[in-house]
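Subject: A structure for you to explore

Hi there,

Here is the structure I promised to pass on. Please open it and keep it beside you while you read my notes below.

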Amino acid sequence: FSGSFGEVYQTFHLSIYMSSNNKFSISPEMATQEVQPNETLSNLKAESDTLKTKLEDERAKLHDVELHQVAEKVDGLGQFIMKTRRTLKGHGNKVLCMDWCKDKRRIVSSSQDGKVIVWDAFTTNKEHAVTMPCTWVMACAYAPSGCAVACGGLDNKCSVYPLSLDKNENLAAKKKSVAMHTNYLSACSFTNSDMQILTSSGDGTCALWDVESGQLLQSFHGHAADVLCLDLAPSETGNTFISGGCDKKANVWDMRSGQCIQSFETHESDINSVRYYPSGDAFASGSDDATCRLYDLRADREVAIYSKESIIFGASSVDFSLSGRLLFGGYNDYTINVWDVLKGTRVSILFGHENRVSALRVSPDGTAFCSGSWDHTLRVWA
Amino acid sequence: PKTPTLHLMERVIIAMQDPDIGLKMRNQRLLITVIPHAMTGNDIMEWLIQKYNITDEEAGHLGGLLVQYGYIYPLKEPRSLILRSDDSPYRFQTPYFWTSSRWPASELDYAIYLAKKNIRKQGELVDYEKQNYNLLHKRINHTWDFVVMQAREQIRASKQRRKADRIVLECQEQAYWLVNKPCPGAFDVFDLGPERCNVLNSRVILNSSLLFFLLRISSVPNNSLSSHFLLSLSCVCSFMKFCDQYHQHDPIMSGCLPSNPWISDDTTHWTINTDLVGTPTRLRVERWSFSFMELLNDCLGRREFMTYLEKEFSGENLCFWEACEDLRHGESSKIILKVEEVYKTFLSPGAARWVNIDSKTMERTLEGIKQPHRFVMDDAQMHIYFLMKKDSYPRYLKSDLYKNMLSKAIVPQETKKSVFPFMRRQRHSSPSPAMVSQATEDNGKAKGAGPAATNSGTLS
């Protein structure tokens, strides 16, 4: 059903009937045809928007439950104190992305000037550094084994660097080019092993790659604009992932078939970050519309919005605390807002960075989170 | 082009100027001139604090951004685009000069502005402005006469205005250019990162989200408003249950024992929780009972579970599951080999570690093996997974093996806060995972912890 980029444009004609007892029935017909000259894009869009509004009205009568209503009985959170415990200085330019190593203390970060650095965040020592041949390295990821890192950006590729122990060896020498897109790489993540990488790109697609051969295993089409972020499901079957894009949509994908199995479109602007709730039953998103939202995958809808009138800048990066009670959001106004996921209220605002917060991840054991910023630094908060 | 941020910012600005709920503006004295419709930095702070129910710090931060983005400008020290929370005078920028209105800034307009400044007072241009002026002079030299003519005309017209108006217009214009042509190194509003394309293929007509939406609606069966409500309720309740269950395990919510390494600089919490530690902590062992996935994800838990299964002569189930995981997540080049191995070890008649799968699944799998691919074992793997989850796992939790583990498990003492908090502990390095792994490979057997260099405490 997802939009095709091929020569033939598929149009769906939907007939909606209101039966006598006020139930909706639908009969979709699929017509494969060239766009008729009088069926302009705006006409079709207008038609689908009208239908949407009609259906939203009917849907509102279904008495969905809001999360914060049910969570009224839950204890509120007390005074919340988190401080910067480490500041990592060493990037000469905007930090764009970071990821934790499974050892709970090492991180990899990438920046605008092409530098990728591996740190022991606990001691703040730099352990490895690589200079990519391109600028704006917007994606980086640590391999599950801790033996390699992946990164990419304006070079449209995702490359894997095995981490050499020999301080004299040039890491760039062992570089392996894995993914190839037709536009910038926005995010990358290893799957359960060092052998596969999932990528998202400004070319509107996501893709799964075999690291050893660089072979494309599966591609994911369905976004109508740049895909900006992705996250892998922690679920038992481990076969799905989510992505968010400039088309304001958050999609859920089946890794095996390449199909988009669920889609959510409630944000009013680009979705910069998506992250699964720890149970895998929901996910949060952060957007340029200055809100973060929570989507329940089983109820198949948005269940919470995290916003405040005084927050007018986009959320660039979000992540949950270990129990899922707190949602941390890094924003383009240099702050980090901490949200009570259940009650929908803001628990705290953290100042410290001197420019946009571009990356934010909670550590694997939940003892801290790290934020990367356009002010050239990374901070670890606990 | 209005970004969502500018749109929201303008909403705030408009609210601030609302006749009923907005700021109370008054005349402000600037040296000997009286400027109307101005407010103090304090006024701005107060209003933001009141309206949005935020702290001083947050109000100062938000107000500062309003000034940085050119929606409010200072009358005193106009080059310094910051918000002072005192009686410094400020004014709202006229919508004509809003950041979203005239973007990108016109080169011609900038040339005229710089020319005006230059003509009015020699040496009024600062360094970077002089550079820009010279660059423009070169680039649009062909229209320079027009530029100078316009500049002179504008100066003449402004001389005819009242002094207060003239000052206001000059401030507005200056503020606009400070935002749009900032000093190199200063904050640049337009530094937005690589361009994003918002509509890739305008010919993608299908609104797939609409389709999903309709499918959702159509799947609500007769009279099932109540069942829909119940589903909604149960989903939402599950979040509360999960948060509650994991509350004690969330170090940010509940702290961790003996202390959070990032706060105390003491890594004991990590050393007592290493992968294959001798005696695990109580919290860790408890967590194995939360879900089967938790047990399997912890290598110590998984090892314990394997021990239990072997006692029950069903260890092959877990081995099979692990082999399938290895197949699914491994190199493409090894797929055929791995499928063969799995078949030989677990599925073939008389296999050494034969797994008990239902005949239908077995049939399907054996058929699939003829064309091996990485997902060929999925059905069988799922079957065995659920078998373990529904049967062996609950029994393991009731077993003596688990109960002993739980009773042996340690509960570390909470470290009392240091008496001398200003003495920082040494922050010890740890061996890089890459190092440990390489050592394993080199020697063909698992090495110990490897070299652990002591690091003299580096101040961050």
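Let's start with two helices in chain B: the axes of helix 4 (residues 107–120) and helix 5 (residues 127–139) come within 10 Å and cross at roughly 125°. Helices here are DSSP runs of H or I with at least four residues, strands are E runs of at least two, and both are numbered from the N terminus. The axes are lines fitted to C-alpha atoms, for helices over the stretch in contact, with angles from 0 to 180 degrees between N-to-C directions. That makes helix 4 of chain B oblique to helix 5 of chain B (under 35 degrees is roughly parallel, over 145 roughly antiparallel, 65 to 115 roughly perpendicular, and the rest oblique).

Which residues make the contact between helix 4 and helix 5 of chain B? Helix 4 of chain B brings residues including B:Tyr110, B:Leu114 and B:Lys117, while helix 5 of chain B brings, among them, B:Tyr128, B:Tyr133 and B:Arg139. Contact means heavy atoms within 4.5 Å. The residues of this contact divide into seven nonpolar, two polar and four charged (Ala, Val, Leu, Ile, Met, Phe, Trp, Tyr, Cys and Pro are nonpolar, Asp, Glu, Lys and Arg charged, and the others, Gly among them, polar).

A word on the source: this is a predicted model, where local features need pLDDT of at least 70 and side-chain atom pairs pLDDT 80 or more, while totals for chains, interfaces and linings use all residues. Residues are numbered from 1 along each chain as its sequence is written, chains are lettered from A and ligands numbered from 1 in the order written, and side-chain values use heavy atoms, without hydrogens and water.

Now for chain B as a whole: its secondary structure comes to 21 helices and four strands. Of its 460 residues, 44% are buried (under 20% relative accessible area with a 1.4 Å probe, protein chains only; over 50% is exposed, and in between is partly exposed).

Over in chain A, A:Lys89 lies in strand 3 (residues 84–89). Is A:Lys89 buried or exposed? It counts as exposed, because its relative accessibility is 58%. A:Lys89 and A:Leu378 are 289 residues apart in sequence, yet 7.0 Å apart in space, C-alpha to C-alpha. Leaving aside neighbours within four places in sequence, A:Lys89 is in contact with A:Trp119, A:Lys126 and A:Thr377.

Happy exploring!
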